[in-house]
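This report describes the fold of a single protein chain, moving from the central sheet to the helices, the core and the local backbone geometry.

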Amino acid sequence: MKRKKRPASSNTWIYIIWGVNILVVVCLLSGAFFYFNSQRASAANGQVETPRADTTPKGPPTSYILPSLTPNPYYTLPVFETSTPFIFANGQGANIIGLSLASRPIEVYTFGNGAREYLIVAGIHGGYERNTIELANELIRYVNDHPEVIPQDATLYIIRNMNPDGEARAEGVDGRVNNNGVDLNRNFPSENWTAEWNRDGCWIYRPTTGGSYGGSEPETRTVMSFIGSHDIQALISYHSAALGVFPGGVPWEADSIRLAKALAKATGYPYPPLDTGCIYTGTLADWAVENGVGAAVDMELANHRDTDFNKNLNALKALLNFVP
Ligand SMILES: [Zn+2]
């Protein structure tokens, strides 16, 4: 018996269905291909840098993050906390002066109300230098219990944690940068700010940048506007570890050298600081002395663990008696 010929319209439907099937398979395969390639590329970005022998700056690209296309490797869960770790009996707690990228508060504690204003900044390198934040906590408690350490004519401000997202992300190397992967102590719009720098002698354990421009990060702008609205005589920006006390200014500014020497004497931290060959650009201390702060230093605790409280209590007294 002769098979009944299918009607033409039925054949057309079979072609359409097979065509759609083939199209779907091709789409799936090419999607998988691009996905695995991009995974490989981002895995390569996450690799630890190794020291380079040549002097050509060929660091990582300025931005690692294409918002909404690539998951941000520096992401920390946003929080909307407003509570502060210390609420004092006299009601003099923290003031929130800005927010991090993930909306964590950046707080300043104020002690005394004299005309000479002094500033301590801790935690600029987040969880990598968490002991600086612990030191700030200890100093806050101490000064609250011993207000007599603040001279009558002085005011002390302590920004206890400039990089709360970095602190929340991790202790150790992954906690150093902010949520954009920026090194905040390379993000200040000092005269020598650069997005990239030669890594010789510098910190190389993770990719990082100085930001898309000087002052590009909200944490940096928070500290800039705080300093801009006060008449800061002298400031200490705390770091760890071990290299000593670095005066602000390029080249080092005279009053900052004098402050560095006074602090080195008070603490036993090295001055002049150890020279690893690293060129520091866009630092808080450099920007500060270029913008009206009397004297500024980067000061490093002895290691990544201890707060060296007694040494830094001596440093606090030296700071509060320093007149630029
Ligand atoms: Zn540091």
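Two strands are taken to pair if DSSP finds at least two bridges between them. In this predicted model, strand β3 (residues 116–121) and strand β4 (residues 154–159) are joined by 6 bridges and run parallel. Within this pairing, glutamate 117 stands opposite threonine 155 in β4.

## Overall organisation

The protein has 7 helices and 7 strands. Read from the N terminus, its elements follow the order α-β-β-β-α-β-α-α-β-β-α-α-β-α. Of its 324 residues, 40% count as buried. Among contacts with a separation of 6 or more, 79% are made by residues 24 or more positions apart.

## The sheet

An open sheet of mixed pairing is formed by 7 strands in the order β1-β2-β4-β3-β5-β7-β6. Its edge strands, β1 (94–99) and β6 (245–247), each pair on one side only. On average, neighbouring strands of the sheet are turned by 20° against each other, with direction ignored.

Strand β5 runs parallel to β3, to which 5 bridges join it, and leucine 119 stands opposite leucine 235 in β5. Strand β5 also runs parallel to β7, with 7 bridges between them; here isoleucine 236 stands opposite valine 297 in β7. How many residues of β5 are buried? The count is 9 of 9, so the strand is largely enclosed by the rest of the structure.

## Helices on the sheet

Helix α2 lies across β2 (105–111), β3, β4, β5 (232–240) and β7 (295–301), and runs at about 135° to β5. Helix α4 also packs on the sheet, where it touches β1, β2, β3, β4 and β5; its direction makes about 130° with that of β1.

| Helix | Residues in helix | First-to-last C-alpha distance | Expected at 1.5 Å a residue |
|---|---|---|---|
| α5 (residues 254–267) | 14 residues | 20 Å | 20 Å |

The buried residues of α2 are Arg130, Asn131, Thr132, Ile133, Leu135, Ala136, Leu139, Ile140 and Val143. Helix α2 also meets helix α7 (residues 309–320): their axes come within 11 Å and cross at roughly 60°, and the crossing is right-handed. At this contact, Leu135, Glu138, Leu139 and Tyr142 of α2 meet Phe309, Asn312, Leu313 and Leu316 of α7.

In α5, the buried residues include Leu259, Ala260, Leu263 and Thr267. The buried residues of this helix pack against β5, β6, α6 (284–290), β7 and α7.

## The nonpolar core

The largest nonpolar core holds 60 residues, of which Ile120, Val121, Ile158, Leu235, Leu263 and Val297 touch the most other members. Helix α2 (residues 130–145) gives the most to this core, with 6 residues. What does isoleucine 158 contact, leaving aside its neighbours within four places in sequence? Its partners are Val108, Tyr109, Ile120, Ala136, Leu139 and Ile140.

## Local backbone geometry

Most residues other than glycine have a negative phi, and most peptide bonds are trans. Against this background, several sites deserve mention.

Serine 103, in the loop between β1 and β2, is not a glycine but has a positive phi of about 70°. It counts as partly exposed because it has 13 C-beta neighbours inside 10 Å. Alanine 242, in the loop between β5 and β6, likewise has a positive phi, of about 85°, and its 14 other C-beta atoms within 10 Å make it partly exposed. Just after α5, glycine 268 takes a positive phi of about 85°.

The peptide bond from valine 250 to proline 251 is cis, with omega near -5°; proline 251 lies in the loop between β6 and α5. The bond from tyrosine 271 to proline 272 is also cis, with omega near -5°, and proline 272 is placed in the loop between α5 and α6.

Aspartate 200 belongs to the loop between α3 (164–169) and α4 (218–228). With 16 C-beta neighbours inside 10 Å, aspartate 200 is partly exposed. Its C-alpha atom is separated by 8.4 Å from that of threonine 276, which is 76 residues away along the chain.

Methods:
Residues are numbered from 1 along each chain as its sequence is written. This is a predicted model: local features need pLDDT of at least 70, side-chain atom pairs count only at pLDDT 80 or more; totals for chains, interfaces and linings use all residues. A nonpolar core is a set of buried Ala, Val, Leu, Ile, Met, Phe, Trp, Tyr and Cys residues joined through C-beta atoms within 7 Å. A residue is buried if 20 or more other C-beta atoms lie within 10 Å of its own, exposed if 12 or fewer, and partly exposed in between; C-beta atoms are placed from the backbone. Helices (H or I, at least four residues) and strands (E, at least two) are DSSP runs, numbered from the N terminus. Two residues are in contact if their C-beta atoms, placed from the backbone, lie within 7 Å. Axes are lines fitted to C-alpha atoms, for helices over the stretch in contact, and angles run from 0 to 180 degrees between N-to-C directions. A crossing is left-handed if the near helix is turned anticlockwise from the far one by less than a right angle, and right-handed if clockwise. The expected span of a helix is 1.5 Å times one less than its number of residues.
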